[in-house]
Each structure stands twice: as C-alpha cells, then as structure tokens.
Amino acid sequence: ALPIYAPANTNMKLVQIPHFKEVIIMATNCDACGHRTNEVKSGGAIEPYGTRITLRITDPSDMTRDLLKSETCNINIPELEFELGMGALGGKFTTVEGLLKDIRDLIVTKNPFNVGDSAVPGRAEKLEQFGKKIDQILEGRMEAHLVLDDLAGNSYLQNVYAPEPDPEMTVEHYVRSFEQNEELGLNDMKTEDYEDDPESSSR
C-alpha cells in the first residue's frame with residue numbers, strides 16, 4: 001500500500017476495445033517510491049447476461065492476447081484446480097501472460113501464509129508446485145484452459161481470428177441466478193415499469 005502522505009498522479013483515459021466496448025483505464029504513479037498501478041472500470045452498465053469465456057491455451061502466442069478482467073470476473077484454471085473469486089485482482093487490462101504472472105505473484109510470491117511465522121508445513125511446497133505449473137503454461141510446455149466468468153458480462157479476451165470465430169475460444173452468455181444478481185446488487189434495483197410506479201411520479 002502507498003503511504004498516505006505520498007504524492008501520486010492518477011491519469012484516466014477512455015479506451016475503445018475493438019469488437020467490445022469502451023473502458024476507463026486509470027493509471028496511478030507514486031512520485032515517492034515509483035510504484036505504479038493500473039485499474040480498469042467498465043465504461044458501460046452491467047450487461048443483461050453473464051459471460052463465460054474459455055480459452056484453450058495451446059501455443060506461446062496465446063500469451064500475447066489482450067485481456068480485460070473486470071472487477072466482477074472470476075478466474076478458473078481447471079487443470080490446476082484453481083479458482084479466483086471476483087475482486088481478488090481488481091479490474092485490469094493486460095494480456096494472458098500478464099494475468100498469469102499476476103496470479104502467480106498473488107498466490108506464491110506475495111502470499112502472507114507462505115512466509116515467516118505464518119508458514120504452514122507442506123503449504124510452501126504446494127504453492128511452489130503451483131508456481132512451477134504456471135511457469136510451464138507461460139513457457140508453452142503445458143496446455144491449459146483459462147476461464148473468465150464475469151457475472152456482469154464486462155470482461156473480454158481477444159479473438160485473434162476476428163471477425164471469424166476463434167477455434168480455441170468459446171464465449172457463452174448465461175442468465176444469472178437470483179444469488180448472482182444479489183452479488184451485483186441488482187435485486188434491490190427496480191428498473192422495470194419505473195414510470196408506472198405511482199410513488200415514483202409523486203417524488
């Protein structure tokens with residue numbers, strides 16, 4: 001975390017992602033320590049359907065695909081029995097390689113339960129094996145599936161064959177459950193027949 005007294009500059013830019021939508025990229029640079037972060041916010045509203053994008057990683061070139069992970073996106077790598085809940089890495093515009101490295105850093109390098117007095121016997125070895133498998137995927141020595149499951153439908157993975165279908169990628173749109181709408185805070189929002197509500201017209 002940045003010291004509260006450190007001067008930091010935040011720049012915001014509206015970016016149009018081809019074949020997708022506009023997003024807001026916020027980049028913060030700390031003058032004191034040189035720390036840099038970038039965060040992405042969707043420029044639009046929550047989509048009517050959730051989106052599940054599955055990429056079969058088969059070639060090192062897949063690492064360069066652009067990727068937008070919104071703050072409502074869950075990440076899953078079935079081959080590693082790995083799942084990361086929404087909000088864990090925030091919203092970011094990166095590449096497949098960048099996301100995998102962020103996952104490795106979060107789970108292995110920066111894991112507070114893997115160092116000092118918090119270290120659990122046997123856990124360090126498991127985390128080290130996980131990191132090695134991520135490295136194998138990054139180096140093209142292990143095939144795997146990367147799943148981006150976004151309840152709000154605001155995540156994106158580059159189709160390098162666009163506008164043709166991508167043989168290694170599937171995009172599914174699904175109806176959210178009541179519980180999933182609850183997570184997004186949609187159940188408390190009345191959006192239909194608002195004009196017909198006698199209470200709303202009297203306000």
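Tutor: Two strands pair if DSSP finds at least two bridges between them. Strands (E, at least two residues) and helices (H or I, at least four) are DSSP runs, numbered from the N terminus. The model is predicted: local features need pLDDT of at least 70, side-chain atom pairs 80 or more, while totals for chains, interfaces and linings use all residues. Residues count from 1 along each chain as its sequence is written, and side-chain values use heavy atoms, without hydrogens or water.

Student: Which residue is the bridge partner of Leu 67 in β10?

Tutor: Strand β5 covers residues 66-69 and pairs with β10 in the antiparallel sense. The pairing runs over 2 bridges. In β10, Leu 67 meets Leu 157.

Student: Which strands stand at the edges of the sheet?

Tutor: The open sheet has 3 strands, antiparallel, in the order β8-β5-β10. Two of them have a single partner strand each, so one side of each lacks a neighbour in the sheet. These edge strands are β8 (92-95) and β10.

Student: Which residues does the cis peptide bond join?

Tutor: Look in the loop between β10 (156-157) and β11 (169-174), where Pro 163 lies. Omega is about 10° at the cis bond. Joined there are Ala 162 and Pro 163.

Student: What is phi of Glu 81?

Tutor: Glu 81 sits in the loop between β6 (73-77) and β7 (82-84). Most residues other than glycine have a negative phi. Glu 81 has a positive one, near 50°.

Student: Is Asp 188 buried or exposed?

Tutor: Asp 188 lies in the loop between α3 (178-184) and α4 (198-201). Buried means under 20% relative accessible area, exposed over 50%, partly exposed in between (1.4 Å probe, protein chains only). At 68%, Asp 188 is exposed.
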